[in-house]
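Take a look at the charged side chains in this structure. Keep the 3D view open as you read.

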Amino acid sequence: MGFWKNTTWFATDEVSAVCAGITGALHEIGLRPCSPPEFDQELGDALQYGRATTSELVVVLVAAGADGWCLVKSAPLETLAEAGSTGRPLLSEVSERVDAEGFQHDIYDGDASVLLEVLPDGSVSASGYHSLGGDPLDFHGVRISPDRFKTRCSLIEAPAVRSAFARGGSPDDVAFMLAERLGGPAADLDDNLPIVELVHGNIEAPEGVAVLCFERTGPR
C-alpha cells in the first residue's frame with residue numbers, strides 16, 4: 001500500500017501574499033479567519049476527509065520553500081483544488097491574486113495521481129487520474145482529457161517542476177523530487193502527516209509556518 005499526499009506549490013517567496021490570497025479566495029465562498037480551535041480526533045477526522053466548500057472549518061499551513069516557492073498544506077486535504085466563487089479551482093483564484101503560477105500534486109495510495117496547474121491569467125489544466133470513486137477523470141469539476149491520464153506539465157514553465165514530471169517516475173518519486181527541489185526548509189511538510197497530526201491534536205504547528213484557520217459564516 002502506497003502513501004497519500006496532497007501538496008500545493010506557488011512560484012513566489014511572498015508567504016504573506018499567499019496567505020492574503022488564500023484568505024481572500026476563501027472569503028468569497030463563505031469562510032472567514034478565526035482563532036485556531038482545540039484540535040482533537042473527531043475534528044481531525046472531519047477535516048481530513050471533508051470538503052472545504054461544505055466544512056465548518058478549514059485549516060491551511062503556508063511555508064517558505066526554496067528558490068522562490070511557497071508550500072501550502074490544508075485540511076480538508078484538497079481544499080485549493082475545490083471550486084471557488086468563479087467556478088474555477090480556488091488554486092486558480094489564489095494564483096490570480098498573488099500573480100504567480102501554482103500547482104497541486106495529489107497522490108492516491110502511491111499509484112494514481114493528479115496534477116492541477118494554474119496561471120495568474122486564469123488558465124487551468126489537469127492531468128492524471130484519481131481513485132476516489134466516481135469518474136477518475138473529473139477532478140472537482142475540472143475535466144481531464146483521456147489522453148492526459150499520465151501527469152505532465154502543460155502550463156508550469158519552471159524547469160525544476162517540468163523535469164520532475166518528465167522523468168516518468170512513480171508519483172512517489174515525483175513528489176520526492178519536488179520536495180527536494182522546491183521545499184527547502186519546508187521539505188518535510190510535503191508529507192501529509194504534519195497537517196493530519198496537527199488537526200488531530202497530536203502536535204503543535206511547525207515553527208516558522210503560517211497557520212490559517214477559517215470558519216464558515218454563510219450557508220453551505
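## The model and its salt bridges

The model is predicted. Side chains of opposite charge can pair when their charged atoms come close. A search of the whole structure finds five salt bridges.

## Glu215 and Arg32

Glu215 pairs with Arg32 in a salt bridge, and their closest N and O atoms are 3.0 Å apart. Glu215 sits in strand 10 (residues 210-216) and Arg32 in strand 2 (residues 31-33), so the pair ties together parts 183 residues apart in sequence. Glu215 is partly exposed, at 28% relative accessible area. Arg32 is partly exposed too, at 44%.

## Glu82 and Arg51

Glu82 and Arg51 form a salt bridge at 3.3 Å, N to O. Glu82 is in the loop between strand 4 and helix 3, and Arg51 is in the loop between helix 2 and strand 3, so this pair links parts 31 residues apart in sequence. Glu82 is buried, with a relative accessible area of 1%. Arg51 is partly exposed, at 41%.

## Glu96 and Arg88

Glu96 meets Arg88 in a salt bridge at 2.9 Å, N to O. Glu96 is partly exposed, at 45% relative accessible area. Arg88 is partly exposed, at 22%.

## Glu117, a buried charge

Glu117 lies in strand 6 (residues 112-118). What is the nearest side chain of opposite charge to Glu117? It is Arg148, 4.1 Å away. A salt bridge needs the atoms within 4 Å, and Glu117, though buried, has none.

The side chain of Glu117 does reach the backbone nitrogen of Leu155, at 3.0 Å. Glu117 also touches residues including Phe103, Ser123, Arg152 and Ile156.

Methods:
Residues are numbered from 1 along each chain as its sequence is written. This is a predicted model: local features need pLDDT of at least 70, side-chain atom pairs count only at pLDDT 80 or more; totals for chains, interfaces and linings use all residues. Side-chain values use heavy atoms; hydrogens and water are left out. Helices (H or I, at least four residues) and strands (E, at least two) are DSSP runs, numbered from the N terminus. Buried means under 20% relative accessible area, exposed over 50%, partly exposed in between (1.4 Å probe, protein chains only). Lys and Arg count as positive and Asp and Glu as negative; His and the chain ends are not counted. A polar contact is a pair of N or O atoms within 3.5 Å; within protein, one must be able to donate a hydrogen and the other to accept it, and residues adjacent in sequence count only if both atoms are side-chain atoms. Contact means heavy atoms within 4.5 Å. Lists of a residue's contacts leave out its neighbours within four places in sequence.
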